[in-house]
Amino acid sequence: MYLIISNFKYILLVDKNNTERNNAKMKTTWTEIVKNKMKETGVSQDKLGEMIGKTQGAIGHWLNGRRQPSVEEIAEMMKALNLTEIILNSDGSASLSTDNNIKAPKVIKESATDSFPVVSWVSAGNWSEAIENTSLIDKWSNTNAKVSYKSFWLEVKGSSMTAPSGLSIPEGMLILVDPEKEYKSGSLVVAKLENDNEATFKKYVEDGGNRYLVGLNPNWPVISIREDCKIIGVVVEAKWDSL
């Protein structure tokens, strides 16, 4: 399995023959491909940042592996450098595509990286607007989960999701939130109430035509969902921060 990035398109392909052919190529990384192209064309980090509307610091972090850009941001760099197509393999290696006959079955919003930003609860409340500024975020954390590129981590606050038995997600754990994952009754979600400045982490429950946000802590009051509630995303993973 591998991911093709072609300017602003990112496509997941599963094809045994193509995969074997690609694996036979010399392995490198997308950062090496981009850096080689920059050297070849005389484009500095400052200049590349100018071309795509990012800071030199963001470009430096990406190219040195300290931060991971989104698929769209990689595509923006490719477009600026006139790179037509890069194939990202599931083992983390990359190559320039030379097969013009590759046909994609579908376009998906799948991340090319397993690293996502750790944001504040205030930022989580308007993440759809804040996602373009990930280069300003200092803390990132990894995952093996298959999630959209818009995903982010939050550090749990408070004791509403601390349960005396069974599933319990206490204060201090990191939760991975996917804004594009569909939620249903029983999903753990991050939501925002119109009159609150911050997001809240609860279990989403539908019962008798009514909707609620429920804590895993049985002593926590149930919140009845009205029109002023927005579900920001579904929690797909919880872990202790190992950074």
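Start by selecting helix 3 (residues 45–52) together with helix 5 (residues 71–80): the two pack at an angle of about 110°, with their axes 10 Å apart. Keep in mind that you're looking at a predicted model. Angles from 65 to 115 degrees count as roughly perpendicular, and helix 3 and helix 5 are therefore roughly perpendicular to each other.

Now show the side chains there. Which residues make the contact? From helix 3, pick Leu48, Met51 and Ile52; from helix 5, pick Glu76, Met77 and Ala80. Sorted by class, this contact has 5 nonpolar residues, no polar ones and 1 charged.

Zoom in on strand 9 and strand 10. They run antiparallel and are joined by 5 bridges. Click Lys192 and you'll find Ala199 of strand 10 standing opposite.

Stay around here for the rings. Searching the whole structure turns up 1 aromatic pair. Select Tyr183 and Tyr204: their ring centres are 5.0 Å apart and their planes sit at 75°, so the pair is edge-to-face. Tyr183 is in the loop between strand 8 (174–178) and strand 9 (188–193), while Tyr204 belongs to strand 10 (residues 199–207), so the pair ties together parts that are 21 residues apart in sequence.

Is Tyr204 buried or exposed? Tyr204 is buried, at a relative accessible area of 1%, whereas Tyr183 counts as partly exposed at 33% relative accessibility.

Definitions and conventions: Residues are numbered from 1 along each chain as its sequence is written. This is a predicted model: local features need pLDDT of at least 70, side-chain atom pairs count only at pLDDT 80 or more; totals for chains, interfaces and linings use all residues. Side-chain values use heavy atoms; hydrogens and water are left out. Rings of Phe, Tyr and Trp (its six-membered ring) pair if their centres lie within 6.5 Å; planes under 30 degrees apart count as stacked, over 60 as edge-to-face and the rest as tilted. Helices (H or I, at least four residues) and strands (E, at least two) are DSSP runs, numbered from the N terminus. Buried means under 20% relative accessible area, exposed over 50%, partly exposed in between (1.4 Å probe, protein chains only). Axes are lines fitted to C-alpha atoms, for helices over the stretch in contact, and angles run from 0 to 180 degrees between N-to-C directions. Angles under 35 degrees count as roughly parallel, over 145 as roughly antiparallel, 65 to 115 as roughly perpendicular and the rest as oblique. Contact means heavy atoms within 4.5 Å. Ala, Val, Leu, Ile, Met, Phe, Trp, Tyr, Cys and Pro count as nonpolar, Asp, Glu, Lys and Arg as charged, and the others, Gly among them, as polar. Two strands pair if DSSP finds at least two bridges between them.
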